[in-house]
Each structure stands twice: as C-alpha cells, then as structure tokens.
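Hi there,

Here is the structure I promised you. Have a look, and then read my notes below.

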Amino acid sequence: MGEGRGETTLCSGAAVGCMKTLLLVFNFIFWVTGIALLALGIWMKVQLYIYMELTTTYYAEAPYVLIGIGAAIVVVGSLGCCCTVKGHTVLLYMFSFFLVVIFIAELAIGISGFIFKDKVQTGFQAGMKDGLAKYGDVKTKTEALDNMQRVLGCCGISNYTDWFNTPWEMKQVGKQFIVPASCCKDGASSCQRSGLPKHYGNSTLEIYKDGCYKLVTGFLESNFGIIAGTVIGIAFLMLIGAVLACCVAKRSRDVPYDKVR
C-alpha cells in the first residue's frame, strides 16, 4: 500500500513537473508576444497615423491600447515566471485570471479590427475630400496629406486633377492647375507643378499622377487583416496558458512543489 501511494505521488510529481516546464515555456512565449504587441502599437502610432488621420473613423487611442496591453503582458509574463518557479497556488490562480482578462481584451480588439477595417475604407474617401478642402488652413490635415503623398508616391484622391479648383488651388495667385510640392517625384519641390493638363494621357509629368485612395485602402486592408488575425491568435494562446496555470495550481496543492523542481 505504501509503495502504491509512493508511486502515485511520484507520478503526480512528474506530471506537475511536466506542466511546470510547459508553463515556463508558455511564459517565455507570452513575454515575447508582449514585446511584439508593444512594437506593433508603436509602429501603428509612428507609421499608420499618416493614413489614419485622414479618415473620418480614426480612433487615436487604438495604438495606445496595444501599447498598454503589450506593456501589461511583459509585466504579467515576468511575474508569471516567478509564480511558476515558486509554485504559489494563489499566485498561479491570479496569473490565470490575468490571462483570461487579457484573452477577452485581445479577442475584442481582434474582432474590432476586422470591423474597423471596413469603416476605415468607407471613411477614408470622405476624410481625404475634407483634407483637400482644408489644405493649407488646417495644419494637421496639411501635414497628413503631404506625408502620405510623399511616402506613397501619389497625388490627390483618384489622381492629381483632384487638386484643381480646391480652395487651396484658388488661392495660388497667377497659377492654375497646380498641385502641392509633395506631389513632386523624387522629393524635388522645384518640379513643374502648375499649368498641368486636365487629362494627362501618355504625357510625361514630373509629379505623381495616380491618386492615393486605392493605395491606402489596399495597404490598410492587408495590414489590418494581419494585425487583427495576429491579435486573435495571441488571444487564444492566453486562454491555453490560463488553463495550464490552473492545472499546475490544482496539482501543486496535492504534491509538495519542492519535489518537482
């Protein structure tokens, strides 16, 4: 009978040791995903803002949400490693609870990303029209349009002629059919950007001829899908970790934790 209980305890200890190892591996992956979300949030703030500020459905808080979740994951992941090594049951359950909270938050963000993608595309054209109407008068709109046109190599919404007859163009005394310097190719602001043809056809121009709408919506569609899918995938990883942490906590109550180190 004693030998049977000893064997059972040994088997239980081996099971806890295995789960402990898996949880440590999970904690490392968990910590890395936190770094990835931090980087993603920073990238959205630094890079995507030049496109997002020109849509009527832009939420400036979105990058900060990802940065906040990423930072929380890094902190919780570090604490999770300590909980796993020490084997405190209460701390393991708390760690599991935090993972469930992060799972719900990330799942909501991922689903919102797919929904938000369509809203961005719908609102971008209206936002660009508003940007063209306020160009030169509203600093944020002016800088956003100039940055976008330089980075993407485009001009106007559908093409460069969208700048014709805009309030900004009408203020250019003595010049007609003119576009901003940000439409010039290769960053050369001294290019010919006034007296442009209404229909460029096959003519050679020193400015970007194509508009920004298709480029931006295509970019957002592909990247939002990747971002949302990645966040949802990470969310389910959190759920697996929560279950694993609960199992380790439950088993460690029955088996002295120092025997499985």
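Which residues make a nonpolar surface patch of about 520 Å²? They are Val 25, Phe 28, Ile 29, Trp 31, Val 32 and Ile 35. (Nonpolar patches join Val, Leu, Ile, Met, Phe, Trp or Tyr side chains within 5 Å, from residues with over 30% relative accessible area and no salt bridge; a salt bridge is a Lys or Arg side-chain nitrogen within 4 Å of an Asp or Glu carboxyl oxygen, and areas are Shrake-Rupley values with a 1.4 Å probe, with only the protein chains shown as cover.)

Before you go on: this is a predicted model, where local features need pLDDT of at least 70, side-chain atom pairs count only at pLDDT 80 or more, and totals for chains, interfaces and linings use all residues. Residues are numbered from 1 along each chain as its sequence is written, and side-chain values use heavy atoms, leaving out hydrogens and water.

Ile 35 sits in helix α1, residues 2-52 (helices are DSSP runs of H or I, at least four residues, numbered from the N terminus). Ile 35 counts as partly exposed because its relative accessibility is 38%, while Phe 26 and Phe 30 are both buried (buried is under 20%, exposed over 50%, partly exposed in between, with a 1.4 Å probe and protein chains only).

Now the rings: there are 10 aromatic pairs (Phe, Tyr or six-membered Trp rings with centres within 6.5 Å; planes under 30 degrees apart are stacked, over 60 edge-to-face, the rest tilted). Phe 26 and Phe 30 are stacked, because their ring centres are 5.6 Å apart and their planes at 15°. Ring pairs also link these two with Phe 95 in a cluster.

Cheers

Note on methods:
Patch = residues over 30% accessible without salt bridge, like charges linked within 9 Å, V, L, I, M, F, W, Y side chains within 5 Å. Helix = DSSP H or I, 4+ residues; strand = E, 2+ residues; numbered from the N terminus.
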